[in-house]
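Please open the structure in your viewer and follow this tour one selection at a time.

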Amino acid sequence: MNTPPCKPFIEVANIYKSYGSIAVLKGISMTIQAGDVACIIGPSGSGKSTLLRCLNGLVSVDRGTIRVDDFSVELLQSEKELVPLRHKVSMVFQQYNLFPHKTVLQNIMMAPIQVLGHNKQDVHERAVKLLAKVQLSGKENAYPGELSGGQQQRVAIARALAMQPEIILFDEVTAALDPEMVQEVLNVIRDLASEGMTCVLVTHEMRFAQQVADQVFFTDGGVMVEHGAPDRFFNNPSDPRLKSFLAKVL
Amino acid sequence: MLFSLDFEWLADPLYQDWLLEGLGTTLAITGVGTILMLIIGVVGAAIIHFNIPVAKPLTIIMIDLFRNTPPLVQLLFLYFMLSDLGMSYTDATTGERIPLLSGFACVVISLALYNGSIAIEVIRSGINSVPRQTVEGGISLGYSRAQIFRWIELPIALRLTIPNMTSNVVSLIKTSAQAALVAVTDVMFYATQITLETFLNLEVMIVLWLIYLVITTLVVLLAKQLAKALTIPGFGAGAMK
Amino acid sequence: MSKETTSATFGFFGVVAALLAVLLTLYGQGTGEALRVLFDRSSLLLTGSSNFSGFGGGFSANVIISVLSMAIALVCGFFLGGAMVSPNAMVRSVAVVFMNLLRSSPWLVVLYAMLYLLPFNVSIFGHHIFVSPFLKAVIGLSFPVTAYIAEAFRNGIHAVPDGQWESARALGYRRGQILRLIILPQAFPLMLPNLMTTYAMLFIGTSLVVVTGTSDVLSIGKTVIASDGDDYAAAVYLYILLLFFLFAYPLATWTRALERSLSKGK
């Protein structure tokens, strides 16, 4: 992890995205190294979530290039072409997005079996281990609706991990949680980061970003205003917009 | 007159046989009809959902036609069209033309199409009420649109539509009484036969009405059990919206 | 054109075209002949008279029966629905059971029952009134429809927020006044799409009155088939399908538009 890799793992260059007449991304670029934890912060409506969704092709860009490892994401059009990318890049959502009609264990096991065609036995073993990792052993047969928000979000993380991804995208995963549940989810992400998983987070948890992130990005109005290591970023911001934002949230 | 009802005819073995035989036919019609209706509902909803060229406009025309015309006229048309197409044979003794496809088949097909058109709309509205985020979860895990339909949207939609689908089945059962009008020997047919012999119109109609009441009530109870067995814990009560 | 108008227009012309296509497939070379028969018989099928000289038979009978049944059912349904929201638990449960019994009976069974149950003559104050098959059909159809209307009525009242009752009570209104002056004016627009759907269902259900011996469109269709030959049976039934569709489809489109404007207004 400490050896500087020759080539960034994720490279976003000058991307644009509009919904009708509303421009959401106006020429954003960023690079993220393998094993890094990158946090994207910024005011609501600044295009953070859209930027994140571009990384795994949930949203297609109008212009610009996105490279994730060997994939040129902007060139992948059909669902079929996107499947290998989604194998590599998992995502966890603000609203958990679990499948309500399946148990916790089924939620975790479904995609590896149905999408990746993995052996059921292996996936089951993996799923049980992952549940233990997110400290939900014993909840295998519960349904998502029977769990608290924090528990559901941890299931969602386990589900993402079951795809054996190399990158996980976290889209404001603690924003819908009650305050007392935020920590249990952040702890799981912190563990993942320390294991060397590449994580990209859109978050409002500034303290978490400060402690865990290798790089912090600040977007506002669809452009990348400033980025850097958390130390300099939080303690010595240069851009006035970032300064006023930090003054409000810190 | 109202208070001197005569139910002694019910003790007549012939009438008992008739009613039982008719009941059997009615149950067969509604059973096969329901299965076909569900198949049409799922296939039709899938065709519209996936925006399949040619098939989609045809499906929509079918829904508009069947939902806005009387099922009885649909049945009569089907019955005579099939004989017009030459799918009939001439009875040697009476010289009468008899349709090749039995009245039974016509009744089942017409019910399946009429209630199937309703079923398509019911399932479609179920699919539309699957939360957008749940679908997005599937996309991000690499599911294809077909896989999302098969594993996520359809299972949730079918559960959500149980109440509406139950009324549709009840409607199918009630509509099936029109089978008697194309000489299919269902319970309605035999009941009218009995009234012709006994002139006990009120009594026979009360029994007939009770028979339908029992069938539909059983279906509703069965559907409730099914809904209970398939409940998604914590879903639907505003827990996941 | 809005998306809804486009799809309604598509459905309308699509169905008409589909019916024509079926006619062409069935009759091939003989389509012209079949159309001529339908044209000649149009007056009979539409009005029950041979040269548009009167109405009250054929398709017009179906329309009249549906309107009269609806009128009866609206009155009865509002009373039954009112009983279903009565503060008296006894009245309420009897009304609910009655509604469910009415609703779950097949229309054909009810019509048959009417056919034999209603006497042919009723004498009121010495006046003898002949209960025609037409009247029996009207009364028979109004029974199940009453149940649907009662339910629509109840649902409409339940759709008005409870706060309306509370605030009206706080202002000193009595129960009857609240229902009449405050709840119903709000509930009626909510009920309207439901009532229209019920009417469409009733209208389509008028095809069943053929069993009562009324001169409705199906009975006349059968007469036409009997006189012009079985060969034209499919054509006649297609024509009747078209008639029902031309009446019911605009109604359904209108109902959908109403529903949309209601859900938008929320």
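A residue is called buried if its relative accessible area is under 20%, exposed if over 50%, and partly exposed in between (1.4 Å probe, protein chains only). This is a predicted model, in which local features need pLDDT of at least 70 and side-chain atom pairs count only at pLDDT 80 or more, while totals for chains, interfaces and linings use all residues. Residues are numbered from 1 along each chain as its sequence is written, chains are lettered from A in the order in which they are written, and side-chain values use heavy atoms, leaving out hydrogens and water.

Select C:Arg154 to begin, which is found in helix α6 (residues 133-159) of chain C, where helices (H or I, at least four residues) and strands (E, at least two) are DSSP runs numbered from the N terminus. C:Arg154 counts as buried because its relative accessibility is 19%. Not counting residues up to four places away in sequence, C:Arg154 touches C:Met84, C:Val85, C:Val96 and C:Met99, a contact being heavy atoms within 4.5 Å.

Stay in chain C and select C:Phe12 and C:Phe245, an aromatic pair that is tilted, with 6.0 Å centre to centre and 35° between the planes. Rings of Phe, Tyr and Trp (its six-membered ring) pair if their centres lie within 6.5 Å, and planes under 30 degrees apart count as stacked, over 60 as edge-to-face and the rest as tilted. C:Phe12 counts as partly exposed at 24% relative accessibility, whereas C:Phe245 counts as buried at 0%.

Finally, show the chains together: chains B and C share the most contacts of the two pairs of chains in contact, whereas no contact joins chain A and chain C.
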